[in-house]
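This briefing concerns salt bridges and their placement. Please consult the sequence and the model shown here.

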Amino acid sequence: MRAAMQSRAKPCKAVQGRGASPARRRAAKRDTPRATSSAGPGPGSGRFSGGSGLPAPPAAAAPPGCRGAQGRFAYKLLRDLFANYSSALRPVEDTDRALNVTLQITLSQIIDMDERNQVLTAYLWVRQAWLDAFLTWDKDAYDGIDSVRVPSSYVWRPDIVLYNKADDQLGGSVETNVVLRSDGQIMWDSPAITKSSCKVDVSFFPFDGQQCRLTFGSWTYNGNQIDLHNRLDTGDLTDFVENVEWEVLGMPATRNVVTYGCCSEPYPDVTYTLLLRRRASFYIFNLLLPCILISFLAPLGFYLPADSGEKVSLGVTVLLALTVFQLLVAESMPPSESLPLIGKYYIATMTMVTASTALTIFVMNVHHCGPGAKPVPGWAKRLILHHMARVFFVREVGESCKSPRRPRGGDGEEEPRGTGTGTGTGTGWAEGSPGAGGPARGCPRGRCLCLHESLLRNVGYIAGCFRDHRAAQRRAGEWKKVAKVMDRCFMWVFFVMVFLMSVLIVGKAV
C-alpha cells in the first residue's frame with residue numbers, strides 16, 4: 001500500500017527520467033498541457049462543458065500525476081475564470097463608472113500614399129489595455145501563475161475603430177490572443193493594415209509635406225462608459241521601416257472629446273497626426289531637371305539664323321515637350337484648385353515658349369522685308385542699329401568696330417564710279433568729250449548728236465536702275481540687321497527669365 005502511494009506521488013519528471021523509454025517520455029511531454037494551450041474554439045462550439053467557455057480535457061489524457069504543475073493550475077485557472085463570465089457586457093462592478101482604456105499605436109510601414117484618391121495605406125500595431133474586474137485571481141492559489149494568454153474572443157473587448165477609415169471592407173479586429181494578468185489588467189496587441197482618408201495639399205509638389213490624421217475611438221460607447229486615453233504623447237516609430245518616397249517627421253497624439261449632433265453624450269477619441277515630407281530627388285531628376293534644360297532651349301531659337309527655317313520648328317518642339325511633362329504631373333495629382341509648384345513652373349515656361357515663338361514669327365517677318373519695304377525710320381536707326389547693336393555686339397558680316405566707313409552720297413549711297421551728276425541725266429560726262437560719245441572725225445555733226453543723246457539716255461537709265469537696286473538692297477539689309485538685333489535682345493531677355501524662374505522654384509524648395 002505504501003509502495004503504491006509512493007509511486008502515485010512521484011512527479012511527472014520521474015516518469016520522464018533517464019529510466020523511462022523515449023516513447024513514454026514523448027507521450028508524457030505531449031500530454032502535458034501548457035498555460036497557452038487553453039486556446040480553443042469559442043463558446044457554442046460544442047466542446048465546452050457547462051457553458052463556461054472552457055474546452056473539455058482531452059479524451060486520452062495522461063494520468064494526473066504525470067501533468068506538470070503549471071499545466072494543471074492553468075487549466076483550473078481557466079475554468080474558474082470563465083465559469084460565469086460573459087464577454088458581451090462591460091466588465092465593471094459599477095455600471096455608472098467609466099472604464100479606462102489606453103491606446104498606443106506603433107507605425108510599422110507606410111505601404112502607399114495615393115495622392116489622387118487621398119488615401120493613406122499603413123501597417124500599424126494597435127495596443128489596447130484595460131482593467132477587467134471579473135478576471136482577477138490570487139496567483140498564490142494557482143502555483144504562482146501571474147499571466148495567461150487566451151484568444152481575444154473569450155474576453156470583452158472595447159470597440160475601438162478608425163473613424164476616418166477609407167476601406168470598403170468593414171471587418172473587425174484581427175483575432176489575436178490577449179494577455180490576462182492576475183490583477184485584472186488585459187493587454188491586447190493586434191496588427192492592422194489601415195486605409196485612412198488624408199487631405200492632400202499639393203501646392204508645393206514635389207517639395208510638399210503632408211499631415212495625415214488617424215482618429216481612433218469607440219463606435220458605440222460614449223465617454224460616460226469608456227474613457228479613452230493615449231498611452232504616450234507620440235506614436236511609436238522604433239520599428240518603422242523607411243519609405244522610399246516619404247520621410248516621417250513625427251507622429252504626435254492628442255486626445256479630443258467631441259459631442260456629435262446625433263447624441264448629447266461626449267465621445268472621446270485619440271488622434272495621431274502623421275507628419276510626412278516627400279523625398280523630392282526622384283521628381284527633381286525626372287520631372288524638374290528635364291523641364292529646366294528644355295526651357296533653356298527656347299531662347300536659343302533666337303540665335304538661329306533666320307534663313308535656316310528652323311526657328312519656329314524649335315519653339316513648337318519645345319512647347320510639345322513641356323506639354324507632355326505637364327500631362328505626366330497632372331495624372332498623378334488630385335483634381336483640385338491648388339496648382340502644384342512644378343505645374344506653375346511648367347505653365348510659366350510654356351507661356352514663355354509661346355511668347356518666344358510668336359516673337360520669332362514677328363522677327364522673321366521683319367527679316368524678310370523685300371525690296372519694296374519702306375526705309376527704316378530714323379528713331380529705329382538711332383535706337384536699334386546704333387545703340388542696341390553696340391550693346392548686344394551685333395555687326396554685319398565682315399564689319400569691324402575699327403573699319404572706316406565708306407563715303408556715301410546725298411542719299412547715303414556711294415556714287416558709282418563714272419556716274420556723276422553734272423548733267424540732267426546724271427551721267428557726269430562732259431559734253432563733247434571722247435568718252436561721252438562726242439563727234440568722231442569724219443562723222444556728220446547731226447548724226448553724232450543723235451547718237452550722243454541716245455547713248456546718254458541709255459547710260460542714265462542703267463545708272464538709275466543700279467542706284468535703285470543698291471538702295472533696295474540697302475533697305476533690305478537694314479531691316480535684316482534690325483531683325484538680328486531684336487533676335488539677340490530677345491535671346492538675352494528670355495535667358496534671364498528662365499534663370500530667374502529656375503532660381504525661384506529652387507528657392508521655394510529650400
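Asp-80 and Lys-76 are four residues apart in helix α4 (residues 69-81), so about one helical turn separates them. Their side chains meet in a salt bridge (3.1 Å, N to O), a term that here denotes a side-chain nitrogen of Lys or Arg within 4 Å of a carboxyl oxygen of Asp or Glu. The model is predicted: local features need pLDDT of at least 70, side-chain atom pairs count only at pLDDT 80 or more, and totals for chains, interfaces and linings use all residues. Residues are numbered from 1 along each chain as its sequence is written, and side-chain values use heavy atoms, with hydrogens and water left out.

**Within the helix**
- Asp-80 is partly exposed at 41% relative accessible area, the class between buried (under 20%) and exposed (over 50%), for a 1.4 Å probe and protein chains only.
- Lys-76 is also partly exposed, at 40%.
- Helices (H or I, at least four residues) and strands (E, at least two) are DSSP runs numbered from the N terminus.

**Between strands**
- Arg-127 and Asp-189 form a salt bridge, with 2.7 Å between the closest N and O atoms.
- Because Arg-127 lies in strand β2 (residues 119-131) and Asp-189 in strand β6 (residues 185-197), this pair ties together parts 62 residues apart in sequence.
- Arg-277 forms a salt bridge with Glu-247, the closest N and O atoms lying 3.0 Å apart.
- Arg-277 belongs to strand β11 (residues 267-278) and Glu-247 to strand β9 (residues 246-250), so parts 30 residues apart in sequence are tied together.

- The structure holds twelve salt bridges.
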